[in-house]
Each structure stands twice: as C-alpha cells, then as structure tokens.
Amino acid sequence: MQVFKTFLKVLRKHLGISALYIVLFMAVGAAMTLMDDSRQMFEQTRLDICVFDEDGTPESKALCALIGQKHNLVTLEKNDDVILDALYYERVNYVLTIKRGYGEKLAAGDTEGLLESRHFHESYSTVYTEQFLNEYVGTVRAFIAGGDSPADAVAHAEAAFAKEVSVNTANFEPTRSSDSQNKTALYFRYLPYLIFSVLMNVLCPVLLVMNKKEIRSRTDCSGIRPGRFTAEVFAGTALFVIGIWLLFVAVSVPVNGCMYQGRMWLAVLNSFVFTLFSAAFALLVSSFSPAPNIINIITQIVSLGMCFLCGVFVDQSMLGDGVLSAARFLPAYWYIRVNRMLEGAEVYDGQFAAKVIAIEAAFVVVLALLTVMLRKSHVRTPKPQRKPA
Amino acid sequence: MFLHCLKYELKTSLRARDLIIWLILFPIVLGTLFKVAFGSIYEKNTLFRSIPAAVVETAENPYFRAAADAVSAGNDALFSLTYTDEQTALGLLKNKEISGILYAGDTVSLTVGGSGIQQSILKSFVEQYGISEAVIRKAAEQNPETLPAVTKALSAEITACTRVPLTDGNTDPFIQYFYNLIAMVAIFGSVTGLHIAIDYQANLSLLGARRSCASVPTAVSRTAAILGSWLTQAVCMVICVSYLAFVLKIDFGSRLPQVYLAAVLGGCMGVAMGFFIGSIGKLSQNAKVGIAMTVSMTCCFLSGLMIGNMKAILAEKVPWVNAVNPVAVISDSFYCLNLYSDYRRFTVKIITMLILTAAFTVLGIILSGRKKYASI
C-alpha cells in the first residue's frame with residue numbers, strides 16, 4: 001500500500017487549493033440551479049410586456065388593463081438604453097407605447113399610428129402580441145361600427161377578450177415532475193460541468209506528481225510492479241472521487257430543499273457513472289504529463305465544449321439534429337437524456353435509462369483501458385542509452 | 001537595457017510554446033464548438049415560422065374555413081394548416097409534427113399536445129374567431145342594418161403597431177456566448193501575468209532568485225516583462241478575434257477595429273490581473289495558479305458564460321458587480337459596439353478597462369517590490 005499512502009500524502013498537500021475549487025464549483029452549481037429561468041421563455045404563454053401609456057384616456061387604460069390580464073406587465077424606465085438592454089437580455093419580450101390621441105383615433109375608426117412597438121426579432125412572442133393587439137383594435141372598431149359608443153365598444157371588447165376558450169390537452173406529453181423533483185433534476189443537469197471541472201482541476205495536479213519522471217523512475221526500479229502501482233493509484237483516485245461525488249450529491253439536499261426519493265435516485269446513479277467518466281478522463285490526461293497551467297485550459301475546452309454540445313447549458317430540444325448526432329459520441333449527451341426523463345421533458349422509460357447508463361459506463365471502461373495501456377507502454381518504452389563521454 | 005530585457009521577455013514567451021499554443025487553440029476549438037451548437041438555434045427557436053396545425057372538420061363551417069384560409073395564405077402566413085381526419089391529426093400531434101388540432105363544426109375547439117407559445121397563438125386565433133362570431137351575432141340581432149359595416153371592420157387587415165427600429169446591430173442573443181469566449185481568453189492572460197510575478201519572486205522560482213541579485217534595476221526588467229506579456233497576449237487576442245470574425249463569420253457589427261481594440265485591452269487587463277494575483281503573499285506557484293483560475297472562472301460565470309442571462313439578473317439585483325467584473329466589462333464593450341450607434345457606453349467600458357489595468361499593475365508593483373529574504 002506504499003503507493004496508495006503516498007497518493008494520500010500528495011493529496012493532503014493539495015487539499016487547500018482543492019477546497020477552493022470545490023467551494024467555487026459548488027457555489028456555481030447552487031447559483032445555476034436557483035437562478036435558472038431559461039425554461040420560462042419557451043414554456044410561458046404569459047409574455048413580459050412593458051407598456052408606456054402616453055394617452056392616459058379611459059380607452060388606453062382599458063387596453064393596459066387587458067394586457068395586464070393576459071400578460072405580465074413590466075415597468076421600465078423610458079430610456080432607449082434601458083429598453084435595449086431589457087429586450088436583448090429578454091427581461092421583456094415586447095415594449096409597447098400607446099400613442100397620444102389613441103382614444104380619439106380609435107373612436108374615429110382610424111387604426112394608423114395608434115401604437116408603437118419596440119422589439120428585436122419577428123419572434124413568436126412578437127407575432128403573438130401583435131396578433132392580440134390587432135384583434136383588439138379590430139374588435140373595438142367592429143363594436144363601434146355596430147352602433148356602440150366608444151366607451152361601450154371598449155367595455156364590450158374587454159368583456160369579450162376576458163372570456164377564455166377551454167383547450168383540450170392530448171396526453172402524449174410526459175407527466176411533469178413535481179417542483180422539488182424538477183429543481184433536483186435541474187441541479188443534476190449542471191452536475192457534469194461541475195464534477196468534470198472539479199475533478200480535472202483537483203485530481204490532475206495530484207496525479208501529475210505521481211507521474212513525475214523522477215518518481216516514476218524511482219518506482220520502476222523498486223520492488224513494486226507497474227500493475228500494482230497503477231492499481232494503487234486507481235484505488236487512491238477512487239477514494240477521492242467518491243468523496244467528492246458524495247459531497248456534490250449531499251449539497252443538492254439543502255440547495256433544493258428536499259431529500260432524494262423515487263426516481264431521483266436514478267439521477268444519483270447517473271451522476272456516479274458520469275463522475276467515474278470524469279475521473280477516468282483526468283487519469284488519461286495526466287498520463288500525458290501536461291504542464292499544470294495547461295490543465296485548466298484543457299478542462300475549459302472539454303467541459304464547456306461538451307456541455308454546450310450535449311445540452312447541459314442549452315436545452316437539447318433547442319439544438320440542431322446534426323449537433324445532437326455528433327453529441328451522441330460524448331457521455332454528457334447520454335447523461336442529459338436520463339436527466340431529461342427525470343425533468344419530465346421526455347417520457348420515462350426505465351429500460352432505456354438503464355441502457356443509457358450502460359453506454360456511459362462503456363465510456364468509462366474505454367478510457368480506463370486506454371489509461372492502463374498508455375501506462376504500460378510508458379513502462380515498456382526503452383530509455384535511450386547515454387553515449388559515453 | 002529596457003529593450004534588451006523586452007527582447008528576452010518576448011523570446012521567453014515564444015519559447016513557452018505550450019501555453020501560447022493552448023491560449024490560441026482555446027478560442028479556436030471552443031469557438032468552433034459554439035458555432036456548431038448555436039449556429040441554427042436563432043433561426044430554429046427565436047424567429048417566427050408558420051405554426052403547423054391540423055384542421056378536423058366535424059361539420060361544414062364555411063366561415064371558419066374562410067378565416068383559416070385567410071391566416072394560412074401567403075409568405076407571412078400565421079399557420080400552415082393540414083385538413084385531415086381525427087386519427088391522422090392525433091398521430092401528427094403525437095409525433096410533434098403539428099402544434100395543435102382545430103376541430104371545426106358548429107363550434108370551434110382546440111386540442112394541443114403541450115403548452116407553449118405556438119399553442120397560445122392557436123388558442124388566441126380560436127378565441128378571436130369566437131369573438132368575431134359573437135360581434136356579428138350581436139349586430140345581426142340588435143342592428144341588422146350595421147351588419148355590412150361590422151363585417152367590413154372585422155375583415156379589414158389592421159396593422160395597429162408601428163415598429164420603432166432600435167438598433168442596426170446583430171440581435172442574436174446567442175452571440176453573447178462569443179463575447180464571453182473572447183473575454184475568457186483575455187482573462188486567461190492572467191496565467192501569463194502570474195509568471196511575471198513568480199519569475200521575479202526569489203522565494204518562488206530559481207529565475208526569481210537569480211533576478212533578485214542581478215544588476216538590472218527591478219523596475220526596468222519588470223516593466224519590460226509586463227510589456228512583453230502584453231504584446232504576447234495582444235497577439236493571442238488578435239488571432240482569437242480574427243478567427244471568430246473571418247473563419248467562423250461571427251457578426252460583430254460594422255466596427256471590427258474597435259472590437260480588436262477592446263479585445264487587446266481586455267487581454268492586457270487579464271495579464272495585469274494575473275500579475276497582481278501573483279504578487280500577493282508568499283503562496284506557492286500552484287496555489288497562485290489555482291487562485292487566478294478560480295477568480296477567472298467566477299468572473300466568467302458572473303458574466304454569463306454558462307447562463308446567458310446571468311449579467312441581466314445581476315444588473316437588476318447587484319448592478320455594481322457588472323461594473324467591476326473584468327470579464328463583464330470586456331464582453332459589455334462588444335455588446336455596446338454591436339447594439340449602440342454611439343460610442344458613449346463603449347468609451348465608459350474602455351476607460352474602465354484602462355483603470356482596472358492600471359490599478360492591477362500598480363498594486364502588483366507595490367506588492368512585489370522591495371522584498372528581502374532572510375533565507376530562500
């Protein structure tokens with residue numbers, strides 16, 4: 001157990017900086033889970049609309065009130081920079097100005113220049129809002145044409161628009177998870193990035209010390225067989241990796257405010273297999289003995305690239321088919337497939353989930369075999385003979 | 001002597017090939033992956049396309065058919081409608097080939113497969129059809145002579161909203177990931193900056209020990225080292241922006257020279273930040289690399305590298321964070337150049353970068369200067 005003990009000694013020396021990385025990525029994970037509101041944009045039918053009422057008449061106020069019933073009214077400072085920022089960062093979907101003279105023009109049946117809109121794209125939310133506004137104006141005009149006074153027409157239109165049509169839902173969609181389950185699944189969605197980054201940044205420096213040329217040479221000429229050396233390094237790594245994984249799994253409980261139950265244990269198993277993949281990748285990379293400051297850059301390339309391609313940061317439903325086909329060759333894609341079932345975004349299928357986790361495990365086996373082969377080839381490579389002086 | 005030191009600093013930087021290659025490779029690889037991942041998202045998810053829906057006619061309703069045909073005709077059609085039987089329609093809905101089924105008979109109803117904005121637009125259409133029907137019925141019952149005027153008012157094409165153009169820039173929200181990528185490369189210059197401090201600290205490197213007892217004034221050699229690192233980082237930034245702009249064809253707007261300026265200044269700020277971190281205390285090289293990386297990653301996270309609207313959330317709750325976060329300042333400068341026609345906000349960002357660079361450099365010099373060692 002000499003190598004195992006040495007591994008733990010080296011690890012202890014790196015604990016300070018390891019704690020820094022672990023705390024940072026835990027904080028990032030908690031923040032991502034608690035602040036995530038990306039789903040609202042695509043699932044919400046109530047849009048965020050800012051209305052500036054320049055007219056201030058009962059007609060314009062009635063329109064404001066109706067918009068408030070159907071959508072969320074957002075207050076913004078009437079400043080172009082503020083509006084531009086709010087639209088770009090999607091804090092509002094649409095900015096509407098009810099022009100001065102709106103009430104008079106509406107009563108006269110004039111529809112030109114009633115309203116002004118500020119938006120970026122001809123998006124679904126823009127079309128939705130403008131469809132509603134045009135229909136409202138058209139309905140008020142029709143009531144006036146039918147003999148109503150402008151005030152009555154507005155009141156009738158308001159009453160007509162307040163009525164909601166009931167919509168039937170065909171039950172093809174998977175059952176949505178409960179709020180607490182959804183939050184847990186969201187935390188686990190970001191876990192591949194967190195675990196991968198932590199293990200690469202924390203484990204690689206320790207493994208680099210173990211792989212130092214001088215230490216390896218000394219070990220090679222000692223009584224310890226290369227196979228045993230590798231096995232003990234693997235054992236030390238496993239102990240450390242399981243500790244970190246348990247820490248991340250435990251943190252989810254206070255962050256999401258609920259204990260694991262039912263299918264959420266599948267998320268725990270899924271994360272464990274992905275943690276093994278991350279550890280295997282760290283072992284493989286450290287076999288090449290890169291410079292310590294390069295490891296962080298490699299980590300960022302692999303973790304960010306894999307997470308963006310596989311749907312960790314951007315939902316898989318938004319990614320193109322070509323991207324998803326390429327992502328199948330990465331374990332994070334399969335990890336996210338299981339997580340989507342737990343989020344309720346895909347139909348839950350236990351057999352498929354087991355198959356997917358087996359695919360992730362296959363990535364681990366391949367990387368572990370590659371690492372063992374690489375280490376063996378290092379040992380067997382004959383050293384160049386020094387020429388006599 | 002200064003030029004001599006600068007020449008050797010540049011030579012050293014060029015010989016530390018692994019770091020330089022990775023700093024150049026980093027934006028190339030990640031930029032390409034971002035381009036692959038986000039290439040079609042804007043067109044696929046943000047821009048409006050006719051909503052596919054099926055119509056199942058349970059009884060003859062010529063009025064509904066006329067209304068449905070009116071909104072599904074032309075290039076800017078609201079819906080792309082398929083008239084079919086119920087079973088086929090349900091099959092299409094299950095396979096997500098359509099967003100909803102409109103059942104048209106004596107009454108009109110809607111069946112959807114889930115919730116979303118496309119389904120809401122369909123619902124809004126059904127509601128409007130019901131409202132129009134009610135308005136006509138009311139006119140027919142109470143004032144039959146107004147019926148032609150009412151029908152005309154309802155069927156008239158109305159464009160109540162006039163669009164006020166906001167910007168000529170690229171409004172694709174996913175471009176901010178590329179802004180953050182450039183900012184990340186710039187802030188990773190801290191690794192280069194870190195080495196200036198470490199290579200001049202006698203207790204951290206052999207080179208530092210040798211330099212401490214050399215006859216060259218520390219001020220001269222350290223200034224040359226900082227300038228050399230700035231030049232190296234500037235080259236990395238120019239390659240990064242050029243690759244994104246010319247190879248990946250990322251649309252940074254019409255003011256590319258200013259994009260280069262902001263990127264280079266950002267790189268210099270990253271180096272200065274690394275120099276400052278490296279000069280703090282007597283921690284080991286690994287600990288300092290760890291601190292530099294932790295700070296850089298936190299800044300990147302707060303700037304929205306992982307969650308796109310993080311900067312907007314912070315702007316609402318703690319706006320000062322965006323004003324002092326170096327990564328947010330760099331990515332904001334690209335954002336301002338892209339969206340604003342004037343240079344007011346861009347200039348503020350550039351001045352902020354200059355102030356932060358100067359502050360980091362001066363603090364680094366103060367912290368690392370005049371050190372004496374009883375033993376090393």
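This is a predicted model: local features need pLDDT of at least 70, side-chain atom pairs count only at pLDDT 80 or more; totals for chains, interfaces and linings use all residues.
**Entry 1: the core.** I began with the nonpolar cores, and the largest one has 223 residues. The residues with the most contacts inside this core are A:Leu199, A:Ala282, B:Ile182 and B:Val185. I then looked up who supplies the largest share, and it is helix α9 of chain A (residues 179-210), with 20 residues. A reminder to myself: in soluble globular proteins, nonpolar side chains tend to be buried together.

**Entry 2: a look around B:Ile182.** Which residues does B:Ile182 touch, leaving out those up to four places away in sequence? I found B:Pro27, B:Cys240, B:Val241, B:Ala263, B:Ile330 and B:Phe334.

**Entry 3: domains.** Next I checked how each chain is divided. For chain A, the assignment gives domain 1 as 2-36 + 177-380 and domain 2 as 42-162. I noticed that domain 1 of chain A is written as two stretches. Taken over C-alpha atoms, the centres of these two domains of chain A are 50 Å apart. In chain B, domain 1 covers 2-39 + 174-368, while domain 2 covers 50-155. Here the C-alpha centres of domain 1 and domain 2 are separated by 56 Å.

**Entry 4: where the chains meet.** How many residues does each chain bring to the contact? I read 76 residues from chain A and 80 residues from chain B. On the chain B side, helix α6 (residues 117-142) gives the most, with 15 residues.

Strand β4 of chain A (residues 115-118) runs parallel to strand β5 of chain B (residues 161-163), with 3 bridges. In this pairing A:Ser117 sits opposite B:Arg163.

**Entry 5: strand β3 of chain A.** Is this strand, residues 94-98, enclosed or open? It is largely enclosed by the rest of the structure, because 5 of its 5 residues are buried. I remembered that in a regular strand the side chains alternate between the two faces of the sheet. On one side of β3(A) I found A:Tyr94, A:Leu96 and A:Ile98, and on the other A:Val95 and A:Thr97, all buried.

Then I looked up the partners of β3(A). Strand β1 of chain A (residues 48-53) pairs with β3(A) in the parallel sense over 5 bridges, and A:Cys50 faces A:Val95. With β4(A), the pairing of β3(A) is antiparallel and has 4 bridges. There, A:Ile98 has A:Leu115 as its bridge partner.

Conventions:
Residues are numbered from 1 along each chain as its sequence is written. Chains are lettered from A and ligands numbered from 1 in the order in which they are written. Domain bounds come from an automatic or database domain assignment. Two residues are in contact if their C-beta atoms, placed from the backbone, lie within 7 Å. Helices (H or I, at least four residues) and strands (E, at least two) are DSSP runs, numbered from the N terminus. Two strands pair if DSSP finds at least two bridges between them. A residue is buried if 20 or more other C-beta atoms lie within 10 Å of its own, exposed if 12 or fewer, and partly exposed in between; C-beta atoms are placed from the backbone. A nonpolar core is a set of buried Ala, Val, Leu, Ile, Met, Phe, Trp, Tyr and Cys residues joined through C-beta atoms within 7 Å.
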